[in-house]
Amino acid sequence: MPFDLRRLDVYRKIPKDLTQPTYAGAAVSVISALFISFLLLSEFYYFVKPEVVSELYVDNPGEVERLNVRVNISLTRLQCSYIGLDIQDDMGRHEVGYVDNTVKEPINGGAGCRFQSSFTVNKVPGNFHVSTHAVGMNQPQRIDFAHIIHEITLGTDIQNKSLQAAAFNPLADKDHSGAKADQSHDYYLQIVPTVYKDLYGNEEISYQYTYAYKSYGAHGHGGRSIPAIWFRYEISPITVKYHEKRAPFYTFITTVCAIVGGTFTVAGIIDSFIFTAAEVFRKAELGKLS
């Protein structure tokens with residue numbers, strides 16, 4: 001007698017005329033299908049979206065020894081003709097009245113100024129400051145550095161990645177427009193180099209930072225000092241690296257099987273319990289429990 005391959009079938013089929021559909025079974029089946037669909041879509045979303053993993057190490061990332069800085073500030077009570085940018089660092093750089101990649105737009109009817117600039121600084125401690133130093137002796141009668149900061153960012157803009165955008169521009173919308181005249185404003189920036197590596201091996205280098213702030217009275221025209229907005233910075237030797245990571249495809253398949261199989265098993269148990277309870281209740285009504 002030839003061997004019948006059908007003997008290996010562990011999924012034996014029951015003829016339809018031997019099965020009994022119920023409303024409870026239909027309800028459990030519909031709920032189970034919806035539940036499985038929800039879990040599968042959620043699992044697929046988290047599988048497609050990469051996980052971002054971070055690590056710390058000592059390094060000076062990048063081949064260049066300078067980093068890009070972007071400044072965007074509104075000086076609400078100081079005219080554009082008096083405003084300039086100065087850059088200093090511990091390598092001896094001292095540049096007064098930096099003008100490259102700088103835009104000044106009058107605001108508040110010309111009484112204020114929107115100041116924007118993009119420049120590079122050496123990767124050593126230093127400062128850059130918005131001041132009236134570049135105009136020399138032609139200082140305004142009233143020096144008022146009340147301001148609103150829109151952007152102070154460093155390095156490549158990676159705010160659209162799966163990271164905390166606020167860590168790369170924590171000074172955004174910092175409002176000192178109500179500050180008193182003849183006040184200097186000091187921001188101390190602690191800069192942390194940050195590397196972001198995507199799934200395809202592409203790397204971008206940016207810089208997160210934290211800051212501390214203080215203001216103090218300053219006096220020009222023979223006084224202690226001329227008011228300014230100072231950004232003093234130090235660069236941490238510790239680099240933060242973020243890299244995208246995606247789970248292997250076989251883990252996704254395993255999870256899908258677990259969702260489908262587990263839901264059908266639990267749904268089958270619930271349906272059997274409901275069916276058995278309904279049968280017991282029906283027999284009790286007919287007086288056939290004994």
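This is a predicted model: local features need pLDDT of at least 70, side-chain atom pairs count only at pLDDT 80 or more; totals for chains, interfaces and linings use all residues.
Over residues 249-270 the chain is 100% helix and 0% strand, with end C-alpha atoms 32 Å apart.

## The chain as a whole

The secondary structure of the protein chain comes to two helices and 13 strands. The C-alpha atoms fill a box of roughly 110 × 50 × 30 Å, taken along the principal axes. The radius of gyration is 34 Å, whereas a compact globule of 290 residues would have a value near 19 Å. Of the 290 residues, 32% count as buried. The protein chain exposes about 17900 Å², and carbon and sulfur atoms supply 58% of that area. Contacts may also be sorted by separation along the sequence: among those between residues at least 6 apart, 78% join residues at least 24 apart.

## The helices

Helix H2 covers residues 249-286, which makes 38 residues. Which residues of H2 are buried? They are Phe252, Ile259, Thr263 and Ala267. An α-helix has 3.6 residues a turn, so residues three or four places apart point the same way. The buried residues of H2 pack against helix H1, which covers residues 23-48.

Strand E10 consists of residues 183-197 and is mostly covered, with eleven of its 15 residues buried.

| Strand pair | Bridges | Direction |
|---|---|---|
| E10 and E11 (residues 203-217) | 15 bridges | antiparallel |
| E10 and E12 (residues 228-235) | seven bridges | parallel |
| E10 and E13 (residues 238-245) | four bridges | parallel |
| E1 (residues 51-58) and E13 | eight bridges | antiparallel |

E10 and E11 form a hairpin with five residues between them. In the turn of this hairpin, Gly201 has a positive phi of about 90°. Val195 has Ile205 as its bridge partner in E11, and Lys241 as its bridge partner in E13. Tyr187 stands opposite Phe231 in E12. In E13, Tyr242 is the bridge partner of Tyr196. Tyr242 is also the bridge partner in E13 of Ser54.

## Two residues in their surroundings

Where does Ala167 lie? Ala167 lies in the loop between strand E8 (147-155) and strand E9 (174-176). Its relative accessible area is 22%, and Ala167 is therefore partly exposed, since only a value under 20% would count as buried. Leaving aside neighbours within four places in sequence, Ala167 is in contact with Gln208 and Tyr209. Ala167 and Leu67 are 100 residues apart in sequence, and their C-alpha atoms are 17 Å apart in space.

Gly84 lies in strand E3, which covers residues 84-89. Is Gly84 buried or exposed? Gly84 counts as buried because its relative accessibility is 5%, and the cut-off for a buried residue is under 20%. Which residues does Gly84 touch, not counting those up to four places away in sequence? Gly84 touches Phe115, His129, Val130 and Ser131. The C-alpha atoms of Gly84 and His133 are separated by 7.1 Å, although the two residues are 49 residues apart along the chain.

Notes
Residues are numbered from 1 along each chain as its sequence is written. Side-chain values use heavy atoms; hydrogens and water are left out. Buried means under 20% relative accessible area, exposed over 50%, partly exposed in between (1.4 Å probe, protein chains only). Two strands pair if DSSP finds at least two bridges between them. The radius of gyration is taken over C-alpha atoms; the globule rule is 2.2 Å times the number of residues to the power 0.38. Contact means heavy atoms within 4.5 Å. Accessible areas come from the Shrake-Rupley method with a 1.4 Å probe; for residues, only the protein chains shown count as cover. The expected span of a helix is 1.5 Å times one less than its number of residues.
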